Every structure is written in structure tokens, then in C-alpha cells.
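Reader: I am new to this structure and would like to learn how to read it.
Author: Then let us look at it together, one feature at a time.

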There are 2 protein chains.
Amino acid sequence: MARDEQNLRAAVEQSAAVLTAAGFPRMPARVLMALLVADEGGLTASELAESLGVSAAAISGGVRYLRSLGIIHRMPQPGSRRERWEIFDDAWYTALAGKNSVYGSFADTAAQALDAIGDPASAGARRTREMVDFFRYIEGKMPELLADWEALRAERLANRDGRAGD
Amino acid sequence: MARDEQNLRAAVEQSAAVLTAAGFPRMPARVLMALLVADEGGLTASELAESLGVSAAAISGGVRYLRSLGIIHRMPQPGSRRERWEIFDDAWYTALAGKNSVYGSFADTAAQALDAIGDPASAGARRTREMVDFFRYIEGKMPELLADWEALRAERLANRDGRAGD
DNA sequence: CACAGTATTCACAAATTTGTGAAACGAGCG
DNA sequence: CGCTCGTTTCACAAATTTGTGAATACTGTG
């Protein structure tokens with residue numbers, strides 16, 4: 001079965017739209033999805049621009065954003081000025097782990113609010129304390145969850161190898 | 001210790017800023033934090049407006065958004081037109097569970113991309129498949145994580161009661 | 001060391017989001 | 001049943017975000 005470019009484009013756009021709806025900036029989301037489905041070796045800026053139908057400048061901005069998140073990287077091609085952009089294999093893992101620190105800093109600022117409330121028995125204090133506890137709990141459990149995923153993934157890969165390379 | 005209004009305001013704004021940085025719209029974030037730290041009985045729209053220093057219209061919009069997310073509710077006061085808005089106790093729990101469905105729909109659209117790629121052995125297919133698997137895994141584990149939190153919370157409350165109401 | 005091909009930056013236009021004041025609406029009270 | 005207070009809706013202004021074309025900077029090649 002060959003690449004169904006038309007459906008692929010549509011699915012890329014739709015997935016990017018989901019990310020956008022979740023608060024992710026538009027262009028980075030589109031670039032990210034394009035890189036996700038790209039073949040081995042990633043894509044150049046101009047390939048991205050052509051594929052997404054946008055200017056080179058837009059790609060440059062999107063790429064800078066994604067790089068600042070540490071989920072893509074540049075692969076300088078020896079003997080060519082054309083650099084290829086590639087998504088890290090653990091991009092999503094990293095992104096989710098990173099969001100974890102958002103939970104953490106949110107809990108931290110909320111904890112300051114908790115201090116400022118004073119009376120620990122008040123409704124506001126109880127509510128706030130419970131929220132802080134909740135996010136700290138999630139934050140604490142996430143590493144375990146991710147580790148479990150890693151283990152499961154490694155196991156799958158081992159099985160696949162065991163079956164003589166699929 | 002009494003309420004330190006000044007620090008409380010600052011902490012509320014800062015927490016709202018963290019939410020905003022994470023993609024949450026600004027005014028809803030501010031309203032949400034104000035309601036979180038509010039005393040028993042929640043706040044009226046005008047109290048929110050005064051506390052946040054914005055117009056009644058802005059509050060109305062923010063409140064509508066939060067209600068659409070199902071994390072606050074209106075408490076009609078008998079004998080008064082002033083309705084009080086209150087945050088649900090399980091607001092954050094709900095929000096996180098809801099985000100879970102975002103993971104799900106993201107995985108779904110990405111799975112469509114996977115189909116469109118065709119060749120399952122290609123780099124793009126491998127990458128995409130792994131991402132889909134990852135989010136499905138997270139999505140699957142989250143209920144368990146939340147249930148564990150519930151259990152822990154119930155246990156804490158029981159202990160507190162056991163110690164004769166703190 | 002100048003040239004050619006790419007990538008990045010910049011100023012700006014378009015689109016979207018955000019918040020306001022004024023008007024409309026709705027519920028209790030005299 | 002009209003008045004009053006509080007909330008919601010609406011049209012619009014301000015601010016922010018998003019993406020473009022043109023100019024600039026960078027790197028390898030002849």
C-alpha cells in the first residue's frame with residue numbers, strides 16, 4: 001500500500017487542529033505533525049513549506065518554537081546547505097514530562113495563595129489545599145507512569161525481534 | 001492568621017498566568033482562581049468583577065466558558081437575584097479527566113494519518129504508530145491514576161475524622 | 001574571494017482574541 | 001404592574017497572534 005497523500009495531508013491537518021484546540025500554537029502544531037509522518041531523514045524547511053503551503057518564514061518560526069521545546073532537532077547534511085529537521089523519537093514523552101513541570105509550578109503558585117488565605121479551616125483554604133495536593137500527586141506519579149510505558153515499549157520491541165523481525 | 005489580601009491577589013494572578021501560559025484563556029483562568037480561593041458560598045459576578053478589576057461583561061464571558069467546561073456552577077440564592085458562582089470540588093479532577101479525551105481524539109486522528117501512510121515499515125509509520133500507542137497507553141492508565149487519588153483522598157479524610165476532627 | 005542556494009530576521013498586513021460600555025433582559029419588591 | 005438591581009448580550013475598540021514578502025545573513029563551491 002502506497003502513501004495516500006491526500007488523506008495523509010488531511011489527517012495531518014486534523015491532528016494539528018486537535019493540538020491547536022488544546023492550546024498549542026497553530027504553525028508549530030502543523031510542522032510537528034508533518035515531521036511526525038515524514039519519512040526517514042526528516043524534511044527540509046522548503047519541503048515543509050511546500051507540504052504545508054506556507055512561507056519559509058512561517059516554517060522558520062514554527063521550527064524555532066519546536067526546537068525551544070526540545071522536541072525536534074536539526075540534522076546538518078554533510079555536503080549540503082539543506083538541513084533536515086527531524087522529530088525526536090521521545091518527543092511526546094518529553095512533552096508530557098514537561099507538562100508535568102507545569103503542574104508543579106501551578107501547584108507552587110497555588111500554595112502561595114494557600115498561605116495568603118491564612119485560616120486553614122476556611123472553605124477557600126480547603127479547596128485550594130486539595131487542589132495543590134492533587135497536582136502534586138499527579139506530578140509525583142507521572143514518572144512512574146512514563147517508566148511503565150518505557151518498560152512496555154521495550155518489551156514489545158523485544159517480542160518483535162523475537163519473531164524474527166516481523 | 002487573617003487573609004493577606006494583597007499576597008492573595010498576587011498569588012491568584014500568578015496562578016492564572018501559569019494556566020494562561022499553558023493555553024488556558026486569560027479571563028476564565030483568573031475567574032477560576034478567584035473562585036478557588038473564595039470563601040464558602042462562592043462569589044457573585046459583581047464581586048468577581050470588583051476583585052479582578054474588570055467589567056461585568058468580562059466576568060460573564062469567563063463564567064460562561066468555565067460553565068461549558070463543567071467545572072463551576074451557579075448557586076441561585078433564594079430570595080435574591082444575586083447568584084453566586086462556585087467551583088466544583090472535583091473541578092481539577094474533571095479537567096484532567098477531560099484532557100484525557102483530548103489525548104484520545106489526538107490519537108484517533110493520528111491513527112488516520114497512520115493508515116494513510118500505507119507502508120507500516122516506513123520511518124513515518126513507525127514514529128506515528130509509537131505516538132498513537134503512547135497516548136492510548138496514557139489515556140488507558142489515567143482512570144487508574146485518578147482512582148488511586150480518590151482512594152488516597154478518602155483515606156486522608158478518614159484519618160482526619162479519626163483524629164476527632166483535627 | 002565572489003557566487004549560488006538556503007535559512008533567518010524584520011516590518012507590516014490580516015485575522016483572531018480579549019475586554020469594554022451601552023443596551024437589553026429577567027427576577028424580585030413595593 | 002411598574003421599578004430596581006443584577007446579569008447577559010451586542011457592537012466595537014484595543015491588543016495580541018499569525019503569516020507574508022523582502023531584505024539580510026550564512027555556508028559551501030568554483
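Reader: How many aromatic pairs does the structure hold over all chains?
Author: This is a predicted model, in which local features need pLDDT of at least 70, side-chain atom pairs count only at pLDDT 80 or more, and totals for chains, interfaces and linings use all residues. Residues are numbered from 1 along each chain as its sequence is written, chains are lettered from A in the order in which they are written, and side-chain values use heavy atoms, without hydrogens and water. A pair of aromatic rings is described by the distance of the centres and the angle of the planes. Rings of Phe, Tyr and Trp (its six-membered ring) pair if their centres lie within 6.5 Å, and planes under 30 degrees apart count as stacked, over 60 as edge-to-face and the rest as tilted. Over all chains, the structure holds 18 aromatic pairs.

Reader: Which kind of pair do Phe24(A) and Tyr65(A) form?
Author: Their ring centres are 5.8 Å apart and their planes stand at 90°, so the pair is edge-to-face.

Reader: Where is there a pair that crosses between chains?
Author: Trp149(A) and Phe134(B) form an edge-to-face pair, 5.4 Å from centre to centre with 65° between the planes, and each of the two residues lies in helix H6 (residues 123–162) of its own chain, helices being DSSP runs of H or I with at least four residues.

Reader: Are Trp149(A) and Phe134(B) buried or exposed?
Author: Buried means under 20% relative accessible area, exposed over 50%, and partly exposed in between, with a 1.4 Å probe and protein chains only; both Trp149(A) and Phe134(B) are buried, whereas Tyr65(A), at 32%, counts as partly exposed.
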